[in-house]
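Please read it alongside the structure shown here.

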Amino acid sequence: MKKYLAELIGTFVLTFMGCGTAVALSCGSDAVSVVGTAVAFGLSVVAMAYTIGGISGCHINPAVSLGVFLSGRMSLKDCGMYMAAQIIGALLAAAALACITSTVAGDPLVSSTLTGANVCHFGVTNGLIVEVFLSLIFVLVVLGATSKTNGATNNFAGLAIGFALILIHLVGIKFTGTSANPARSIGPAIFEGGKALSDLWVFIIGPLVGSTLAAMIWRAIATDDSND
């Protein structure tokens, strides 16, 4: 149970800090807010990677867990339990953000979204395409950076993954707010409602499809002992 609890805590921190920054900076209002939000998500992953990485591997993302499962590195049971723990962690984080922001709703200094929820700014087709590609790239980096065949560079996997998360946020925030993480989207959408809830399927299907493609690509290019 410790690894599942670690995933819950890690996803809570990622969602609370990343989405909380998006709300506090009114993400999307200017370039500074976009960069700040991207960095917050990336740093959250780095911090958690070096906090719980030795316990659970620090997936804190159902798309990552699916990719790890499909690449042969974890069991179906663990994959399902990881996903459940991640969603619970994101729900708790979104609830905490909703409690904090509800007391300042309407303040011009606070984003119009109270939980940092994802929405498709240019339609669901565009959003789905964006999320598939962003998730594919991110999960591929995770699989490669954590491969045992990487030798000494494996010790810096947390940094590589955090930087990759920053990069995909810089690309995707304008289009979808960047998810690449179904749990991170489910939690805020439940408390946000409206368009965030109606668009939620995009942020579940897109990352899972991208993750599946990433696992297929990784299995095609990896050496035999990469997935040990």
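H3 and H4 run roughly antiparallel (angle over 145 degrees) to each other, because their axes cross at roughly 175 degrees and come within 9 Å. Helices are DSSP runs (H or I, at least four residues). Axes are fitted to C-alpha atoms over the stretch in contact, with angles from 0 to 180 degrees between N-to-C directions. The model is predicted: local features need pLDDT of at least 70, side-chain atom pairs count only at pLDDT 80 or more, and totals for chains, interfaces and linings use all residues. Numbering starts from 1 along each chain as its sequence is written, and side-chain values use heavy atoms, without hydrogens and water.

H7 (residues 182-192) and H9 (residues 200-221) pack at about 170 degrees, axes 9 Å apart. They are therefore roughly antiparallel too. Contact here means heavy atoms within 4.5 Å.

| Pair | Residues in contact |
|---|---|
| H3 with H4 | Pro62, Ser65, Leu66, Phe69 of H3; Leu76, Cys79, Tyr82, Met83, Gln86 of H4 |
| H7 with H9 | Pro182, Ser185, Ile186, Ala189 of H7; Leu200, Phe203, Ile204, Pro207, Leu208 of H9 |

The H3 with H4 contact has seven nonpolar, two polar and no charged residues. For H7 with H9, the division is eight nonpolar, one polar and no charged.

Beyond neighbours within four places in sequence, Phe138 touches Asn61, Val64, Ile161, Ala164, Leu165 and Ile168.

Methods. Helices (H or I, at least four residues) and strands (E, at least two) are DSSP runs, numbered from the N terminus. Angles under 35 degrees count as roughly parallel, over 145 as roughly antiparallel, 65 to 115 as roughly perpendicular and the rest as oblique. Ala, Val, Leu, Ile, Met, Phe, Trp, Tyr, Cys and Pro count as nonpolar, Asp, Glu, Lys and Arg as charged, and the others, Gly among them, as polar.
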